[in-house]
Amino acid sequence: MPKTDRGVEFEKRLRASEERLRLGEIAGGIATFEFDYASGAWNWSAQAAAIFGLADQRLDHWEKVVFFDDVPKIRAAVEGATGGGNLYVEFRVRYDDESVHWIAANGQIASGSSKRLLRGAIYEISARKALEVRLLALNETLEARVAELRQEARYLEILNDTGVAVAAERDLTTLVQTVTDAGVQLSHAEFGAFFYNVMREDGEAYTLYTLSGVPREAFAKFPMPRNTAIFEPTFRGRGPVRSDDILADPRYGKNVPHAGMPEGHLPVRSYLAVSVVSRSGEVLGGLFFGHSHPHVFTDRAERIVTGLAAQAAVAIDNARLHQANQQEIVSRRQAEQELQQLNQTLEHRAEQRAVQLTASLTRLEDTERRFRLLVESVTDYAIYMLDPQGHVINWNTGAERIKGYGRDEIIGNHFSMFYTADERLKEMPAKALTIAATSGKYEAEGWRVRKDGSTFWAGVVINAIKSPENQLLGFAKITRDLTERRAADERARQAQKMEGIGQLTGGVAHDFNNLLTIIIGNLETLQRNLDAVPLPVERLKRSVDNAMRGSRRAESLTQQLLAFSRQTPLAPRPIDISRLVGGLSELLRRTLGEQVTVETVLAGGLWRASVDPNQLEVAIINLAVNARDAMPSGGKLTLETANVYLDESYAASQVEVIPGQYVMIAVTDSGSGMTPEVMSKAFDPFFTTKDVGHGTGLGLSQVYGFAKQSGGHVKIYSEVDEGTTVKIYFPRVHAAISRDESEEVPLVARGSANETILVVEDDTDVRSYGCDTLRELGYNVLEAKDGHAGLNLLDSHPHIKILFTDVGLPGGMNGRQLADEARRRRPQLRVLFTTGYARNAIVHDGRLDPGIDLITKPYSQAALSTKLRDMLDASEGPRRILLVEDEPLIQMLATDFLEDVGFKVDTAGTAREALNKLALVSGGFAAVIVDIGLPDRSGDELVREIRSMHASLPIMVATGKGAKDVREIFQDAKHIAFLGKPYRAEDLYGALRVLNVSVQAKIGR
């Protein structure tokens, strides 16, 4: 190898080694240094700036960020390394945000060098220092904690002894004394006392009950406490009173004659008092504790004394209970004496009771007589009684009228004679009595038999009659003749059914007209191209495929009915529903139109479910179409998947739902919502809120039937003006599934070598990818790395058709500035921007600036090819047709017809989308084709709005209603032609010629 080559190779390896070292320093959070003892110069690696907190990457003055008193320590450690050969020093630095960080330096004297050098590394140790501080604090508190635990053990021993004493002691004085003594010990008081509330004839007073810590004589010469500001809260039960220094307490010294403690009173600075309250809430007295020094009693002492006060209350309550028991014994003895006296007068009292019972019996007989008259006067209801075995024991006039039997004929017979022979064989009479006896009531409707053998539809209620001891006494039975009401209900149901059939007929006729247009049109295209040379195989295949799709759609109308009746032959298989929904979302975006935002929220780790994917797609599309119709002014459609568990309580409240794990799909819209009445009928077949001809009323029926047939569940949640959510649940498949799902390959629109694209991109890799992609698409490509180079190429290549530039460019000229200058030089030049962040340059207030074409990064080849093709085609002239049609297959068929004769076709699925395209597309349209039935508004309203904006724009109205009716709507309008569905290519071309839109000869494909 030549010497020059070896030098280049060595230089490459050296740079690679330096790069690995730099990456290692960043990953490990370290930096290296070298100190020359001779010159006193420090040489740092780049990572040192970050460790020292120097944002400007300059290390000449690194000592300025080191703590002042740590600098000598660093210098001493550096000088000390010359003796021992090693360096280790810890020091502090202060960042610009005033935060303090600890740094350690570790190094050693370099060997084998002619210079005396110190080499090593620095790294941050702030976390370790913080841990050391915490460990030191923990060690300092450990001894204090041990002392606290010993004191706690002593407290527990005292509390335990007090509890045992209270439980075992009967004498009230001893009990309270024990509690007071314990309170003095546990609160560290010098003395304590318990004062007991006593009610006297001359008013309320307080008596000293117990004293601890000082002799009783210490309080002998002082009066009992009064309701002063200090004592009143305790004797009123308003909670504990604790004062760190009673002399400084604002409540102290407010009462005459002493204005504080009387002369000779025990000195008190710290004060603690707690009420003693019985179970009933009565204040029995109070525990009081004092100390001659301030700040003695703590929160803990207050809590302990409060507990002791509760024990004292228990002791006093027990004493009172004992006294009450003694009084009860005395009362019982007195009651026994009175009972003996009552027994001596029993005969007299029995006579008085007999008189009272006689009067009560008379009133009862009178009540029964009035009730009997009331029952017998009712003629619309059969009201009669049965014994426990079901025999008739009384009979009213209404029963005689309805059943045909007289009272004498029926009494004693079994009520089963009113049932039909079939129901008697099924033992329905016995079952009815069993249910009534068990639950208290039986209620049903069914056919019953009269005396003459005729039948009538009856509503029956049987109530069980039981004694206070719950013994069955018999049954009360009420029967009502509902034959006429049943006939009226049947007539109403028949009318509703006929109305549903009418809705179905209109919807199916509308849909079949659309489908016939697709089928006949594509067959015509197939027939027309069979004689072409060469044979356009791809074109013919597409026509056959479209015709087959139309046939399948016709088949799906009958399948929707079968789905509701759960008779559709499904082909279920375990699938990933999130993947299916994700693939369907793009179709929905195109179909629903740009005014509806489609958002997917797909759960990670979604379980598999065994469903028919084709039927599931139909169900989701049905829900999406309903959602779109509920948002005529646009809105948001959200498709969500999740794993859920339906528990027993939820399953019990629903129909045909088994508890367990389910995969859930939720379709949510922000539309008008449903009223409770509409929601209750939403799954009914033929029910629809749309106009005749705009829906079959089978969409939600198909969803319901498909979910139930798949073993799942469906639920609607809706509020008016808030939106609707439909949730479909499918049972989870637990078996392992092998994935074999294919993805569609997006179509790409190709260019030609005479179409030149100028690519301006500063990132080499991105520019290379973009240029290679464009060359693969067939374009002639020029490339530049910044705006100035791009302008030079633009001046030297006048045939450039599109400038494809990044928004963010270096060199003082961004993409927007480049485009403005390029258009100043070449006004007809089209510009396509690309960026991953377009704010300020071409987007303001969240909207793309007018006249801007943008494709965001990252972009695919298919997306880029489509965008460029649209821009190039739009610049070639106004031979464009706007096709407004919500049926995707008719869109495809009409687009084929129009492209065959050289038109560029823009499609819209809604009126709102059509108006947007009319406003945005530069160059205008040669004509607009409008379907009369659109989801967000009627086609005639759209035509009038278009005419108000474009007075002379040719408009073609397509309808399946009949062209005659539509002509009457627009009889005075100009520049309008009409096209009836189904239509052929020649019908479409003829309508265009009526509008004076030239139709070229068919273009071979």
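Modeller: Happy to! Keep in mind that this is a predicted model. Let's begin with a sheet. Strands of a sheet pair through backbone hydrogen bonds, either parallel or antiparallel. Here, five strands make an open sheet, in the order β31-β30-β32-β33-β34, and their pairing is parallel.

Colleague: Which strands stand at the edges, and why is one side of each left without a neighbour in the sheet?

Modeller: Those are β31, residues 904-908, and β34, residues 976-980; each has a single partner strand, so one of its sides has no neighbour in the sheet. From one strand to the next, the twist averages 20°.

Colleague: How many bridges join β33 and β34?

Modeller: Five bridges, in the parallel sense, with β33 covering residues 955-959. To find the pair by eye, look for isoleucine 955, which stands opposite isoleucine 976 in β34.

Colleague: Which strands does helix α26 lie across?

Modeller: Helix α26, residues 939-949, lies across β30 (880-884), β32 (927-931), β33 and β34. Its direction is at about 160° to β32. Helix α28, residues 985-994, also packs on the sheet and touches β30, β32, β33 and β34. The angle between the directions of α28 and β34 is about 170°.

Colleague: Now a single residue, please. Is threonine 895 buried or exposed?

Modeller: A residue counts as buried under 20% relative accessible area. Threonine 895 has 13%, so it is buried. You will find threonine 895 in helix α24, residues 888-900. Leaving aside residues up to four places away in sequence, threonine 895 touches Leu883, Val905 and Thr907.

Colleague: And what makes the nonpolar surface patch of about 280 Å²?

Modeller: Three leucines make that patch: Leu131, Leu135 and Leu138. Leucine 135 sits in helix α4, which spans residues 126-168. With a relative accessible area of 45%, leucine 135 is partly exposed.

Colleague: Let's step back to the whole chain. How many helices and strands does the protein chain have?

Modeller: There are 28 helices and 34 strands in the protein chain. Of its 1005 residues, 41% are buried. The protein chain exposes about 55,600 Å², and carbon and sulfur atoms supply 53% of that area.

Colleague: What share of the contacts with a separation of 6 or more comes from residues 24 or more positions apart?

Modeller: Such residues account for 61% of those contacts in the protein chain.

Note on methods
Residues numbered from 1 in each chain as written. Predicted model: local features only at pLDDT ≥ 70, side-chain atom pairs only at ≥ 80, totals over all residues. Heavy atoms only, no water. Pairing = 2+ DSSP bridges. Helix = DSSP H or I, 4+ residues; strand = E, 2+ residues; numbered from the N terminus. Axes fitted to C-alpha atoms, helices over the stretch in contact; angles between N-to-C directions. Contact = heavy atoms within 4.5 Å. Patch = residues over 30% accessible without salt bridge, like charges linked within 9 Å, V, L, I, M, F, W, Y side chains within 5 Å. Areas by Shrake-Rupley, 256 points an atom, 1.4 Å probe, with all protein chains shown as cover. Salt bridge = Lys/Arg side-chain N within 4 Å of Asp/Glu carboxyl O. Buried < 20%, exposed > 50% of the residue type's maximum accessible area, 1.4 Å probe, protein only.
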